[in-house]
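Dear colleague,

I am passing on the structure we talked about, and below it you will find my notes on what came out of the analysis. Please read them with the model open beside you.

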Amino acid sequence: MTRDPPQPSRSGADLDARLREWRRRRDAAADAAGRASRIAAAVRTADVAASHPVVAGPDRWGERTGWFAAGLAVAAAVACVAWWRGRDDEGANWPPSVRFAAADIAARAEVLAGMEQTFAGRLAWVAEHDQTVAVGLADGGVAAAPVAVRIVVLTRRGAAARWEPAWQADVVVRDEQVVDVAAGARGEGRLKLWAHCLPDGAIAVDGELTLASHAVPLRASYGGVQKAGLPCRVTGDRAADVEWQVIQTVVPLRPAIGKEVG
Amino acid sequence: MWPSGPSHGLTRSGSGLETSDEQLVAAWRQAGDRGALDELAVRHLTTVRRMIHSMILNDAAADDLAQDVLLRAFRSLDGFQGRSKFTTWLYRIAMNTVHDALDRRRRSPIDDRAEVPRDAAMRDAGVGAEVERDECDGAVGRALHALPPKLRAAIVLVAIEGLDPAAAAVIEGCTRATIYWRLHEARKRLAHALREQMEP
């Protein structure tokens, strides 16, 4: 799936031009060309030959061994993938709370409508986690469509098949606004999130999540395009015998009101 | 000016068309042609140093790091598989080196080598329109310095160096969408910091 690159606005283009002008003037003032010449001279006299690769063709035994090893590696990888897919079965073991229900969506749309009035159209995002609600305001009015994002951290121990929710955040964010909020029960972590609705109905989301006080110290940076309403594993890892993953569900808010999604 | 021409060990094809970076890499790997490395340095050092300076905002540190990046790249040409353009691979090494340097600097606050001009110093340096331009440049430097490194990298690669966001994503080891939001956020912060300079 591809997306149209967002073009800078007129003010963005002016800013870019200002930055390039700054760059040009800095190069002239610092004699960047002369400096580059001196570096090139130093590089020319430096020893890089020590690591010059020795290119040698493999002998027949080496070639055969290589193919055999490659075949073994492919077979092992296929077996691992088959086992892994059977174990997870694309979210069959995820708890139902990773999805948005119609009531969730309706409630958030209602809260958003009320808060928009309170903040005179400057409401950029609302984040709800750990019994806390945080609000972000934009400098000016924001009218872009809101998106609801649910992020659920799931963990499981050892060989258990069932995933258990360890942390959850629900965010409503307007298109292209950046959520930046403390996360975790004592605010020791951080959640940053950005969402952008694409013309084909999919949604591009990028996130950075740090949680320190949960089953595993989690530090994840992820991004990608996902379909509205479908829970999606965005990242995951294993530490000792604890495995964790981050499941994210995204729904454009207003069109979804009153419908079961996810 | 940059040294150029065959006297500096440049490798040119017989037809007059410039040999590609990838062909130069192959010439080094297969025959140990040192001239091929010199040509790669000539072609890319200016951009690499400029990119590094925009990130690190210090001329001496940019010189050191640019040299380090070139040597590191040349010593690990084995690792260049040709799956991306040579420049993408080289710029990735450059940005990784810069991020490492910025991390080290953050852990050692005493060694803050960023040359961020102060308004007073700029005012002492000249008069009239030149002073105004210098103050404006100083403001740009300070605004870039205030950006977190990841946001700064996005704006340097795409807005200043003019790279495609897809290439910037490969260099920064993230998705294109991530580059878009970092650009968006960086432009927003820079516009706020430079609002006085941007006014017509």
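Does A:L154 count as buried or exposed, and how many C-beta neighbours does A:L154 have inside 10 Å? Before I answer, please keep in mind that this is a predicted model, and that every value below was computed from it.

A:L154 counts as buried, because there are 25 C-beta neighbours inside 10 Å. This leucine sits in strand β3 of chain A, which covers residues 146–157. Leaving aside residues up to four places away in sequence, A:L154 touches A:W94, A:W163, A:E164, A:P165, A:A166, A:W244, A:Q245 and A:I247. A:L154 and A:V98 are 56 residues apart in sequence, while their C-alpha atoms are 9.2 Å apart in space.

A:P252 is partly exposed, since 19 other C-beta atoms lie within 10 Å, and the cut-off for a buried residue is 20 or more. The contacts of A:P252, again not counting residues up to four places away in sequence, are with A:A145, A:V147, A:C197, A:I203 and A:A228. From A:P252 to A:R174 the distance is 9.6 Å, C-alpha to C-alpha, although 78 residues separate them in sequence.

Chain A as a whole

Chain A has four helices and 10 strands, and from the N terminus on the elements run α-α-α-α-β-β-β-β-β-β-β-β-β-β. Of its 262 residues, 27% count as buried. If one takes the contacts in chain A between residues at least 6 apart in sequence, 58% of them join residues at least 24 apart.

Among the helices of chain A, α2 (residues 32–45) has 14 residues and should span 20 Å at 1.5 Å a residue, which agrees with the 20 Å found between its end C-alpha atoms. The buried residues of α2(A) are A:A32, A:R35, A:A36, A:I39, A:A40 and A:V43. These residues cover an arc of only 140° around the axis, and they therefore lie on the same side of α2(A). On the other side of α2(A), the residues A:G34, A:R38 and A:T45 are exposed.

Helix α4(A), with 17 residues, reaches 25 Å from its first C-alpha to its last, which is close to the 24 Å expected at 1.5 Å a residue. Just after α4(A) comes A:A120, with a positive phi of about 50°.

Two backbone angles to look at

A:A120, in the loop between α4 (102–118) and β1 (123–129) of chain A, has a positive phi and is not a glycine. With 9 C-beta neighbours inside 10 Å, A:A120 counts as exposed. The other is A:Q131, which is not a glycine either and has a positive phi of about 60°. A:Q131 is placed in the loop between β1 and β2 (132–137) of chain A, and A:Q131 is exposed, with 6 other C-beta atoms within 10 Å.

Chain B

The secondary structure of chain B comes to 10 helices and zero strands, so that the pattern read along the sequence is α-α-α-α-α-α-α-α-α-α. Buried residues make up 40% of the 200 residues in chain B. Among its contacts between residues at least 6 apart in sequence, 62% join residues at least 24 apart.

One helix pair of chain B can be described in some detail. The axes of α2 (residues 34–56) and α7 (residues 149–160) of chain B come within 9 Å and cross at roughly 140°, and α2(B) and α7(B) are therefore oblique to each other. The crossing in which α2(B) passes α7(B) is right-handed. On the α2(B) side, B:M51, B:S54 and B:M55 meet B:R152, B:A153, B:V156 and B:I160 in α7(B).

Lastly, B:L57 is found in the loop between α2 and α3 (59–75) of chain B. B:L57 is buried, because 20 other C-beta atoms lie within 10 Å.

Key: Residues numbered from 1 in each chain as written. Chains lettered and ligands numbered in written order. Predicted model: local features only at pLDDT ≥ 70, side-chain atom pairs only at ≥ 80, totals over all residues. Expected span 1.5 Å × (residues − 1). Buried ≥ 20, exposed ≤ 12 C-beta atoms within 10 Å, placed from the backbone. Arc of directions from axis to C-beta. Axes fitted to C-alpha atoms, helices over the stretch in contact; angles between N-to-C directions. Parallel < 35°, antiparallel > 145°, perpendicular 65-115°, else oblique. Left-handed = near helix turned anticlockwise from the far one by under 90°. Contact = placed C-beta atoms within 7 Å.
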